[in-house]
Amino acid sequence: SSTALPRRRSGPTLAKAIRAAHLIVLDGLGGEQRHGHEVARLAVAQEEAADLLDRMSGDRAGLVVFAGKPFLRSPLTSDLAALREIVGGAGGELGLVPPGSDLAEAVGLAAGLLQGAETQTRIMLIISDGEDREDGVDRAIDDARAAGVRVYTAGVGTAAGAQVIDVDRESGVATPRVDAAGAPVLTRLD
C-alpha cells in the first residue's frame, strides 16, 4: 500500500504576493480643534489618504491617527475599500485621542507595525501639518528609516497658519486658544 506524502504547495508566497505594506499616519490636526479651518485641513488630509488608497493594488495598508497620542485605527489589511471608509470617518473618531500633537510617537507606532509586515517594501506616509508639540520626531523618522521603512510626507496647511480653536466637547462652544501672554496660538505647516 502506498501512503501519500504531504506536498508543498507551489506558487507565490504571501511576501511575494504583497508588493508593499503602507502605513498612513494621519494627523488629527489638533484633536480638539473641530472648527472651520481645522475641519477643512482634516478633510484635505483624508482626501489625500483616500486618493492614495484608490491607486493601490496588491498592497496592504493600515491607518494610525494621532493628536496628543497615536491610535491604531486599522492594522495592515488588503481590504483597501474598507480602509478608505475608515479614513473617511477618522474625523468623527478624534475623541479617541487626547488633544495635542505627538508625531514622534505616531511614527514609532507605525514603524513598529511595519516591522511585522511580510514584505520587503515598507512605506510610511505621514499626512500632517508637521507640528510636533513633543520632542523626538527627527529621531523617530531616522529610526524608522534605519529599520528599512521608506518615510514620505504630505503637508497639510499653510506656512502662515491659522489660529487654534478649541471646542468644548460637552457644550460645543468654540474658543480661540491663547498662550500665557494672551497671544493667539497658531498652527502652521512646518
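Strand β1 is covered on both faces. On one side sit Ala21, Leu23, Val25 and Asp27, and on the other His22, Ile24 and Leu26, all of them buried. Seven of the seven residues of β1 are buried, so the strand is largely enclosed by the rest of the structure. The model is predicted. The protein chain holds five helices and nine strands.

**The chain as a whole**

- From the N terminus on, the elements run α-β-α-β-β-α-α-β-α-β-β-β-β-β.
- The protein chain has 190 residues, and buried residues make up 42% of them.
- The protein chain exposes about 10300 Å². Carbon and sulfur atoms supply 51% of that area.
- Take the contacts between residues at least 6 apart in sequence: 75% of these join residues at least 24 apart.

**Strands beside β1**

- β1 and β2 run parallel and are joined by seven bridges. Val25 has Val64 in β2 as its bridge partner.
- β1 and β4 also run parallel, with six bridges joining them. Here Leu23 has Met124 in β4 as its bridge partner.
- β2 (residues 60-66) pairs with β3 (residues 70-77) in the antiparallel sense, over five bridges.
- β2 and β3 form a hairpin, with three residues between them. Leu63 stands opposite Ser74 in β3.

**The nonpolar cores**

- In soluble globular proteins, nonpolar side chains tend to be buried together.
- The largest nonpolar core has 22 residues. Val25, Leu103, Val107, Leu114, Met124, Ile126 and Ala144 touch the most other members.
- Which elements each supply at least two residues of this core? They are β1 (21-27), β2, α4, β4, α5 (137-146) and β5 (149-155).
- The largest share, seven residues, comes from α4.

**Helix α4**

- α4 has 13 residues. From its first C-alpha to its last, the helix reaches 18 Å, close to the 18 Å expected at 1.5 Å a residue.
- The buried residues of α4 are Leu103, Ala104, Ala106, Val107, Ala110, Ala111 and Leu114.
- Why do these buried residues line one face of the helix? Seen down the axis of α4, they fall within an arc of 160 degrees, so they line one face.
- The cover over the buried residues of α4 includes β1, β2, β3, β4, α5 and β5.

**Helix α5**

- Val137, Ala140, Ile141 and Ala144 are buried in α5.
- Seen down the axis of α5, the buried residues fall within an arc of 95 degrees, so they line one face of the helix.
- These buried residues pack against α4, β4 and β5.
- The face of α5 turned away from its buried side carries the exposed residues Asp138, Arg139 and Ala146.
- Just after α5 comes Gly148, which takes a positive phi of about 90 degrees.

**Helix α3**

- In α3 (residues 80-88), the residues Leu80, Leu83 and Val87 are buried.
- They cover an arc of only 55 degrees around the axis, which puts them on the same side of α3.
- Ala81, Glu85 and Gly88 are exposed, on the face of α3 turned away from its buried side.

**Two single residues**

- Where is Thr121? Thr121 lies in the loop between α4 (103-115) and β4 (122-128).
- Leaving out residues up to four places away in sequence, Thr121 touches Arg19, Ala20, Ala21 and Arg150.
- Thr121 and Val149 are 28 residues apart in sequence. In space they are 7.5 Å apart, C-alpha to C-alpha.
- Ala162 is in strand β6 (residues 162-163).
- Is Ala162 buried or exposed? Its relative accessibility is 14%, and buried means under 20%, so Ala162 counts as buried.
- Ala162 and Pro184 are 22 residues apart in sequence, and 9.4 Å apart in space, C-alpha to C-alpha.

Key
Residues are numbered from 1 along each chain as its sequence is written. This is a predicted model: local features need pLDDT of at least 70, side-chain atom pairs count only at pLDDT 80 or more; totals for chains, interfaces and linings use all residues. Side-chain values use heavy atoms; hydrogens and water are left out. Helices (H or I, at least four residues) and strands (E, at least two) are DSSP runs, numbered from the N terminus. Contact means heavy atoms within 4.5 Å. Buried means under 20% relative accessible area, exposed over 50%, partly exposed in between (1.4 Å probe, protein chains only). Accessible areas come from the Shrake-Rupley method with a 1.4 Å probe; for residues, only the protein chains shown count as cover. Two strands pair if DSSP finds at least two bridges between them. A nonpolar core is a set of buried Ala, Val, Leu, Ile, Met, Phe, Trp, Tyr and Cys residues joined through side-chain atoms within 4.5 Å. The expected span of a helix is 1.5 Å times one less than its number of residues. The arc is that of the directions from the helix axis to the C-beta atoms.
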